[in-house]
Amino acid sequence: MAEVSRSADLQAEAAEVWSKIGRFDSLPQWHPVVDAGQIEEKDGKVFRVLTIAGGGTLTERLESRDDQGMTYTYSIIEGPLPVQDYVSTITVKPQAEGCIVEWVGKFSAKDATEDKAIQVVDSIYSTGLDALRKQFNS
């Protein structure tokens, strides 16, 4: 399996950042590639259906959530990304000054080389974390 891990140091309190990104339905409010999203519940599981800029939808399932630890884990159920068996975790950790947001995903490539799958996931993480830097480090 491949792994992508990216992080961003932010000049804001961890609780403030978590309040912005910690809700499973908040991705459209902070990630510039996500145009819209909606939450659905099926068989006791929580899903988000995301509309991606440029077209396409992505369905993800919430696997676990810990507000105290400021972290959640999700998996991709279906979508246009060249990945399968994708599981990712977003965590906000307090630091002496500000906080750090960590985004880590593990997956296998699907219909693409592993390098291409890594490049796509890395781009998604980097774009989202850059947007958080712009918002919290200005």
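Nine salt bridges are present in this predicted model, a salt bridge being a side-chain nitrogen of Lys or Arg within 4 Å of a carboxyl oxygen of Asp or Glu. Side chains of opposite charge can pair when their charged atoms come close.

| Salt bridge | N to O distance |
|---|---|
| Glu3 and Lys106 | 3.8 Å |
| Arg23 and Asp25 | 3.1 Å |
| Glu40 and Lys42 | 3.7 Å |

Glu3 is partly exposed at 46% relative accessibility, and Lys106 is partly exposed at 43%; the term covers values between buried (under 20% relative accessible area) and exposed (over 50%), with a 1.4 Å probe and protein chains only. Arg23, at 40%, is also partly exposed, as is Asp25, at 37%.

Helix α1 (residues 14-21) packs with helix α3 (residues 114-136) at an angle of about 130°, their axes lying 12 Å apart. Helices are DSSP runs of H or I with at least four residues, and strands are runs of E with at least two. The two helices are therefore oblique to each other, the class left after angles under 35 degrees (roughly parallel), over 145 (roughly antiparallel) and 65 to 115 (roughly perpendicular). The contact (heavy atoms within 4.5 Å) involves Glu16, Val17, Lys20 and Ile21 of α1 and Leu132, Gln135 and Phe136 of α3.

Residues are numbered from 1 along each chain as its sequence is written. Local features need pLDDT of at least 70, side-chain atom pairs count only at pLDDT 80 or more, and totals for chains, interfaces and linings use all residues, while side-chain values use heavy atoms, without hydrogens and water.

Methods
Axes are lines fitted to C-alpha atoms, for helices over the stretch in contact, and angles run from 0 to 180 degrees between N-to-C directions.
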